[in-house]
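Thanks for coming, everyone. Please look at the model on the screen while I talk.

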Amino acid sequence: LDPSSVAPQANQNDVVFIRARLLDNHQNPVHLNQAKVQFNLEGDAEWVSPNLIETEDGVASALLKIGANLSSIKISASYQNIKSNSLALPGSHEAEK
């Protein structure tokens, strides 16, 4: 979730950027262009952008519209055989744990 924005709110038609950064085994950024990152979504939200995004300098950015139930939203990303941890949005029950 783009930390430069205000926390998303349910029932407000909020739209937020979700970014995935490619990292190597030592957690260093990988500056790769045109790597296809697949974003996955569970819960009450919908993609505004496509959910298959090519990286620029190792970062893929997708646009997400929040629905009425913020607590149900989980997002993850994958590149080739590598999968990310799931992200729960701020304000959701998962994020508060």
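Let me start with a term. Helices (H or I, at least four residues) and strands (E, at least two) are DSSP runs, numbered from the N terminus. Now the ground rules. This is a predicted model, in which local features need pLDDT of at least 70 and side-chain atom pairs count only at pLDDT 80 or more, while totals for chains, interfaces and linings use all residues. Residues are numbered from 1 along each chain as its sequence is written, and side-chain values use heavy atoms, with hydrogens and water left out.

First, the overview. The protein has eight strands and zero helices. Along the sequence, that reads β-β-β-β-β-β-β-β. Of its 97 residues, 32% count as buried. Buried means under 20% relative accessible area, exposed means over 50%, and partly exposed is in between (1.4 Å probe, protein chains only). A contact means heavy atoms within 4.5 Å. Take the contacts with a separation of 6 or more: 48% of them join residues 24 or more positions apart.

Next, the sheet. Two strands pair if DSSP finds at least two bridges between them. How many bridges join S1 to S5? Seven. Ile18 stands opposite Ala62 in S5. Val16, Ile18 and Ala20 form the covered one, and Val15, Phe17, Arg19 and Arg21 the uncovered one.

Now the core. In soluble globular proteins, nonpolar side chains tend to be buried together. A nonpolar core is a set of buried Ala, Val, Leu, Ile, Met, Phe, Trp, Tyr and Cys residues joined through side-chain atoms within 4.5 Å. The largest one here has 20 residues, and Val37, Phe39 and Leu64 have the most contacts inside it. Strands S1 (15-21), S2 (36-42), S3 (45-47), S5 (59-66) and S6 (74-79) each supply at least two of its residues. S5 gives the most, with four. What does Leu64 touch, not counting residues up to four places away in sequence? Its partners include Val16, Ile18, Leu41, Trp47 and Ile75.

On to the pocket. On a 1 Å grid over the protein atoms alone, a pocket is an open set of points with protein on both sides within 12 Å along at least five of seven lines, and lining residues have an atom within 4 Å of a point. The largest pocket has a volume of about 540 Å³. That volume is the space filled by probe spheres set on the points, with grid points joined across faces, edges and corners. The pocket is lined by 23 residues, of which Ala20, Arg21, Ala77, Ser84 and Asn85 lie nearest its centre. S1, S2, S6 and S7 (82-83) each supply at least two lining residues. S6 gives the most, with five.

Last, two residues. Beyond neighbours within four places in sequence, Ser78 is in contact with Lys36, Val37, Gln38, Asn40 and Lys83. Val6 sits in the segment before S1. Val6 is exposed, because its relative accessible area is 72%. The C-alpha atoms of Val6 and Val16 are separated by 9.1 Å, and the two residues are 10 apart along the chain.

Technical notes. On a 1 Å grid over the protein atoms alone, a cavity is a set of points where a 1.4 Å probe fits but cannot get out, and a pocket is an open set with protein on both sides within 12 Å along at least five of seven lines; lining residues have an atom within 4 Å of a point.
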